[in-house]
Amino acid sequence: MQVYDVEIGSRLWLGSARYPSPAILAEAVRGAGCDVVTVSLRRENAQAGAGQAFWALIRDLGVRVLPNTAGCHSVKEAVTTAQMAREVFDTGWIKLEVLGAGELLQPDVFGLVEAARLLSDDGFQVFPYTTADLGVAERLLDAGCRVLMPWGAPIGSGRGLADPFALRALRARFPDIPLVVDAGLGLPSHAAMAMELGFDAVLANTAVALAADPVRMARAFADAVCAGAAAHAAGPMPVRDFAEASTPVIGQAWRA
Ligand SMILES: CC(=O)[C@@H](O)[C@H](O)COP(=O)(O)O
């Protein structure tokens, strides 16, 4: 897939938080053949002294770093964090999170659009963490975004695709925009389902990091993403409300 004129090989993108150890994070990323890893500037800055070692580990992985503004609840906070991330990581890519109040960590779509416009005007390539709302998607594209990252479910919930209908509608409305399902995936089957709907990639963090064996789970997600993408390309059969005999009683067994 191509995002902001960059060719990306893997359709599984991983987060870098909450792994049991840096070594396990590295092994999970490598084992899954993952090309894009998102990192949080705020979290790492909070750990005095740990920051440098963490950056070095990520750099050594040879992946494309997608800094994020996780934990930002205002436009100002998100924009400032993005500007710091650009300096630290020497990239204009930013996964933009502007979170609303409350325990769902739902995107604040008004703040998100405003921050996306400010950052796009400042030369950033913005990857907005958004809902699947079509109107918001239009506004984000107007603001300069060339990729959208709709949520599957609330961050860290592991619930999978809470609203497949909305995601399907988003895919149908924007066939040429790279769409990456971000957040809320709990199982490889959730990732496969997103790919079967025609999404270009998925981003998962908690499901992999909190698995009993994160390396194995990362590989399972990678396999699921491949299977889902292959199924989408193969053209799934239409879903029916009623039975249709799969073995014709008369005539030949082949499709007409
Ligand atoms: C790490 C990161 O960017 C998360 O905010 C992201 O949205 C992934 O969510 P899950 O942890 O639910 O996979």
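This is a predicted model: local features need pLDDT of at least 70, side-chain atom pairs count only at pLDDT 80 or more; totals for chains, interfaces and linings use all residues.
Figure 1. With a relative accessible area of 45%, Ser189 is partly exposed. The C-alpha atoms of Ser189 and Gly228 are separated by 8.7 Å, and these two residues are 39 residues apart along the chain.

**Figure 2. The packing of helix α8 against helix α10.** The contact is made on the α8 side by Pro188, Ala191, Ala192, Met195 and Glu196, and on the α10 side by Met217, Ala220, Phe221, Ala224, Val225, Gly228, Ala229, Ala231 and His232. Sorted by class, the residues of this contact of α8 with α10 comprise 11 nonpolar, 2 polar and 1 charged. The crossing of the helices α8 and α10 is right-handed.

Figure 3. Leu197 is placed in the loop between α8 and β10, the latter covering residues 201-204. Its relative accessibility is 15%, and Leu197 therefore counts as buried, the cut-off for this class being under 20%. When residues up to four places away in sequence are not counted, Leu197 touches Leu161, Pro164, Leu167, Arg168, Arg171 and His232; His232 is also one of the α10 residues in the contact with α8. The C-alpha atoms of Leu197 and Met1 are separated by 16 Å, with the two residues 196 residues apart along the chain.

**Figure 4. The packing of helix α1 against helix α10.** Helix α1, formed by residues 22-31, packs with α10 at an angle of about 25 degrees, and the axes of the two helices are 8 Å apart. That angle makes α1 roughly parallel to α10. The contact is made by Ile24, Glu27, Ala28 and Gly31 of α1, together with Pro214, Val215, Ala218 and Arg219 of α10. By class, the contact of α1 with α10 has 5 nonpolar, 1 polar and 2 charged residues. As α1 passes α10, the crossing is right-handed.

**Figure 5. The crossing of helices α4 and α5.** The axes of helix α4, residues 75-89, and helix α5 come within 9 Å and cross at roughly 35 degrees; helix α5 itself covers residues 109-121. The contact is made by Val75, Val79 and Ala82 of α4 and by Gly111, Glu114, Ala115, Leu118 and Leu119 of α5. The residues of this contact of α4 with α5 divide into 6 nonpolar, 1 polar and 1 charged. The passage of α4 by α5 is a right-handed crossing.

Figure 6. An unreviewed UniProt entry carries the annotation "active site" for Lys95, an assignment that comes from the record and may be inferred rather than shown by experiment. Lys95 is found in strand β6, which runs over residues 93-96. With a relative accessible area of 3%, Lys95 is buried. Leaving aside neighbours within four places in sequence, Lys95 is in contact with Thr38, Leu66, Pro67, Asn68, Thr69, Phe127, Tyr129, Met149, Asp182 and Leu203. One of these contacts, Asp182, is at the end of strand β9, residues 180-182.

Figure 7. Ala183 lies in the loop between β9 and α8, and has a positive phi of about 90 degrees although it is not a glycine. At 10% relative accessibility, Ala183 counts as buried. Leu105 is found in the loop between β6 and α5, and its phi is near 50 degrees, a positive value in a residue other than glycine. Leu105 is partly exposed, with a relative accessible area of 27%.

Note on methods:
Residues are numbered from 1 along each chain as its sequence is written. Side-chain values use heavy atoms; hydrogens and water are left out. A crossing is left-handed if the near helix is turned anticlockwise from the far one by less than a right angle, and right-handed if clockwise. Helices (H or I, at least four residues) and strands (E, at least two) are DSSP runs, numbered from the N terminus. Contact means heavy atoms within 4.5 Å. Ala, Val, Leu, Ile, Met, Phe, Trp, Tyr, Cys and Pro count as nonpolar, Asp, Glu, Lys and Arg as charged, and the others, Gly among them, as polar. Buried means under 20% relative accessible area, exposed over 50%, partly exposed in between (1.4 Å probe, protein chains only). Axes are lines fitted to C-alpha atoms, for helices over the stretch in contact, and angles run from 0 to 180 degrees between N-to-C directions. Angles under 35 degrees count as roughly parallel, over 145 as roughly antiparallel, 65 to 115 as roughly perpendicular and the rest as oblique.
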